[in-house]
Amino acid sequence: MVKIATLNVKRIPSFAGGNSEENLMSILNDFLSGDNDVLMIQESFNKKDRQIIDTFCNNNNLWNYSDRTIGTWGGLATNSGLKIISKYFIIKGNLIAYKDRINDEWFSRKGCLMARIDFGTENGGIVDLFTTHLQAGGGSKISKWLNWFYGKQNLKADEVKARQLEQCVHFIMQNKSNYPIFIGGDFNLDIDKMNRVTNFKKDLKKRGYNLIDTFDKIKSIPYIYTTESNQSRIDIIFHIAKDNSDDIEYDKNKKYGYSVIDRSVIEKKHLTDH
């Protein structure tokens with residue numbers, strides 16, 4: 001049984017309430033000792049994180065695929081903060097930076113990151129995993145000025161998220177294969193709002209794929225809400241399944257399949273944003 005987890009690690013600047021390097025190391029050690037096989041990370045914006053995670057993976061026979069771009073404005077700001085860490089071999093990876101952003105997102109470069117992982121024939125074979133982090137809501141005075149400077153002053157956050165998910169669908173289709181596809185991350189949209197303000201599900205349906213909320217399929221663990229997520233389930237792992245697909249088992253008692261969103265790290269130590 002393959003277990004996939006997604007976490008927003010809140011590695012933003014400390015003056016903005018970001019988590020410490022010690023918190024990140026605790027998450028990595030929990031992953032190493034726990035039964036999750038893959039950890040999809042968002043908001044790993046601290047520039048030290050790549051070296052920390054590379055060293056940790058090298059020392060513990062893990063694989064990782066990370067956004068290694070220098071970030072916006074020639075490296076003065078950060079990149080997407082996306083990383084995938086795996087206990088199984090990562091065959092290849094890819095990355096896209098979203099074209100649209102507003103508010104405080106001018107200081108990052110959010111996008112979608114993909115890793116093709118070989119879990120072995122006994123564990124379901126090769127799987128394509130994507131992780132993403134979409135536009136957030138609020139913004140500082142400086143970022144509002146940047147909206148005006150770049151001609152985005154009339155663009156709303158929900159419209160940006162919809163545009164980003166359109167780009168996400170194109171990226172998935174460009175990298176698609178005959179392998180099972182999952183996408184997880186911090187969508188900054190709950191399921192209901194995602195269906196109302198975006199065409200994500202419809203865009204995939206037009207291409208012959210169903211969007212399946214895996215948490216809704218399993219419901220094996222409680223979801224941990226935080227004040228910051230406003231009682232909305234914005235951390236989601238979807239199975240992007242072909243219309244006629246019946247080869248994925250979500251029941252964790254089955255020998256083969258994919259169990260998702262194990263939030264034990266949050267329950268134990270409350271180390272993450274949400």
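Me: Buried means under 20% relative accessible area, exposed over 50%, and partly exposed lies in between (1.4 Å probe, protein chains only). Lys161, buried or exposed?

Reply: Buried, with a relative accessible area of 6%. This is a predicted model: local features need pLDDT of at least 70, side-chain atom pairs count only at pLDDT 80 or more, and totals for chains, interfaces and linings use all residues. Residues are numbered from 1 along each chain as its sequence is written, and side-chain values use heavy atoms, without hydrogens or water.

Me: What does Lys161 meet in a salt bridge?

Reply: Asp158, at 3.7 Å from N to O. A salt bridge puts a side-chain nitrogen of Lys or Arg within 4 Å of a carboxyl oxygen of Asp or Glu. Asp158 is partly exposed, at 23% relative accessibility.

Me: How far apart are Asp158 and Lys161 in helix H4?

Reply: They are 3 residues apart, so about one helical turn separates them. Helices (H or I, at least four residues) and strands (E, at least two) are DSSP runs, numbered from the N terminus.

Me: How many salt bridges does the structure hold?

Reply: 12. One of them joins Asp100 and Lys152, with the closest N and O atoms 3.8 Å apart. That pair links distant parts of the chain, 52 residues apart. Asp100 sits in the loop between strands S5 and S6, Lys152 in the loop between helices H3 and H4.

Me: Switching to strands. What does Arg116 pair with?

Reply: Asp128, in a salt bridge at 2.6 Å, N to O. Arg116 lies in strand S6 and Asp128 in strand S7, so the pair ties together parts 12 residues apart in sequence. Both residues are buried.
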